[in-house]
Amino acid sequence: MKRRDFLKNSMLASGAFMLPAFLKPFEALAQSDLTGHKNLVVIQLSGGNDGLNTIIPYGNDIYYQKRATIGIKQADLITLNDMQGFNPNLSALKPIYDQGWMSIVNAVGYPNPDRSHFRSMDIWQTGSNSNEFLTTGWLGRYLDINRAAMPKDYAAIELDDTLSLALKGKTMSGMAVSDPYKLYQNTREPFFKNIVNEHDAQHLSEDNLGYLYKSMIDTYSAADYIQNTSKTYNVKAEYPHTPTGNQLRTVSKFINSGLQTRVYYVSQSGFDTHATQQVNQGKALKMYGDAVAAFINDLKQTGKLDDTLILTFSEFGRRVEQNASGGTDHGTASNIMLFGTKLQKPGICNDAPDLSDLDNGDLKYKVDFRDVYANILDKWLDVSNESVLNRKYDGIALV
């Protein structure tokens with residue numbers, strides 16, 4: 001194909017296929033080279049989930065003093081110990097917790113927190129300091145490092161149309177796929193076929209144009225691999241018919257079909273609860289809890305839970321005291337949740353948040369989120385956390 005024709009058709013294709021949304025750098029997957037395969041599934045709760053009404057410190061009177069109308073009554077919550085309990089909308093997770101397949105880490109955050117959704121999410125996704133701006137994500141850098149050792153082996157998939165900063169590396173990035181069949185169909189349009197069949201060495205050697213050529217060819221190949229591999233397995237478990245349920249159902253299909261992807265990334269929105277929080281957060285937590293419980297039970301049934309670790313985080317928690325609208329405003333530290341059968345500290349890992357020692361009305365963080373990443377990198381993904389996080393973290397023993 002001539003350069004001029006390629007550029008012309010690229011512009012047309014961008015509009016026809018929403019090319020920038022799904023066209024992501026991708027390296028060919030080589031199943032035979034993978035050993036010790038483990039899956040990491042990251043679930044992002046977007047909007048700043050209120051950790052205090054998720055894992056509720058009902059044993060502390062200050063909680064009810066600060067939240068006169070939105071505090072979850074002790075009679076309604078699901079007791080975990082003499083201090084904390086589940087929001088009742090997380091009831092589906094209680095059997096998971098009782099099995100020892102869930103860990104809760106309280107008061108997770110970072111120094112000098114930023115209450116902006118975008119900036120705080122960047123910090124969590126890149127693993128940066130609050131005054132540091134990085135263009136690669138912590139999982140993208142993990143991919144970069146593994147590419148150097150085994151250039152064609154690892155990849156990550158985000159169940160979405162766009163790729164998060166967390167999965168973007170310098171030389172290798174994850175791939176955004178919301179529907180493997182739709183991606184496959186898009187890449188079988190005539191324009192894509194022409195690119196794959198008619199490119200030559202000259203096209204690939206040009207800087208920007210070559211990058212676009214290579215990306216499209218890789219996407220064509222990846223779409224074929226994902227579609228043809230994942231269609232060999234039909235999910236038998238029942239999942240809730242919700243966006244999160246559908247995303248995790250697709251992840252189950254990928255894992256159980258043998259797709260050699262090591263990191264999966266899922267997001268759920270709806271946690272920015274400035275008003276009528278009990279109703280709005282309750283709906284979001286129920287969607288999350290029901291979907292995660294279905295996913296875990298599904299993987300247990302298929303024998304894949306032993307090789308899967310699930311991490312849930314949000315970009316920040318909410319302020320301790322409720323606002324005048326029956327909600328909470330942007331805060332700082334919150335809890336994270338991990339699921340799997342290889343947890344070192346199942347249950348509640350550390351003390352409940354200290355509500356008597358606040359920083360201008362906000363929780364003080366007790367665990368740096370990068371110590372959580374460090375443990376996952378060192379013990380689950382088998383890579384030095386220093387090489388990914390740009391400094392050495394001691395880590396917290398979770399897996």
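The lining of the largest pocket splits into nine nonpolar, seven polar and six charged residues. Here Ala, Val, Leu, Ile, Met, Phe, Trp, Tyr, Cys and Pro count as nonpolar, Asp, Glu, Lys and Arg as charged, and the others, Gly among them, as polar. The model is predicted: local features need pLDDT of at least 70, side-chain atom pairs count only at pLDDT 80 or more, and totals for chains, interfaces and linings use all residues. Residues are numbered from 1 along each chain as its sequence is written, and side-chain values use heavy atoms, with hydrogens and water left out.

**Largest pocket**
- The pocket holds about 220 Å³ of space.
- Its lining has 22 residues. Tyr110, Pro113, Thr332, Leu363 and Tyr365 lie nearest the centre.
- A pocket is an open set of points on a 1 Å grid over the protein atoms alone, where a 1.4 Å probe fits, with protein on both sides within 12 Å along at least five of seven lines; lining residues have an atom within 4 Å of a point.
- Grid points are joined across faces, edges and corners, and the volume is the space filled by probe spheres set on the points.

**Whole protein**
- The protein has 14 helices and 12 strands. These are DSSP runs numbered from the N terminus: helices are H or I with at least four residues, strands E with at least two.
- Of its 399 residues, 57% are buried. Buried means under 20% relative accessible area, with a 1.4 Å probe and protein chains only.
- Take contacts between residues at least 6 apart in sequence: 73% join residues at least 24 apart. A contact means heavy atoms within 4.5 Å.

- An open sheet of three strands runs in the order 2-4-3, with antiparallel pairing. Strand 2 (55-56) and strand 3 (78-79) are the edges, each pairing on one side only.
- Strand 2 pairs with strand 4 (residues 85-86) over two bridges, in the antiparallel sense. Pairing requires at least two DSSP bridges between the strands.
- Ile56 has Gly85 of strand 4 as its bridge partner.

**Asn60**
- Asn60 sits in the loop between strand 2 and helix 3 (61-66).
- Asn60 counts as buried because its relative accessibility is 19%.
- Leaving aside residues up to four places away in sequence, Asn60 touches Met83 and Leu355.

**Tyr220**
- Tyr220 belongs to helix 10 (residues 207-230).
- Its relative accessibility is 18%, so Tyr220 counts as buried.
- Thr187 is 33 residues from Tyr220 in sequence, yet their C-alpha atoms are 5.6 Å apart.

How values were computed
Buried means under 20% relative accessible area, exposed over 50%, partly exposed in between (1.4 Å probe, protein chains only).
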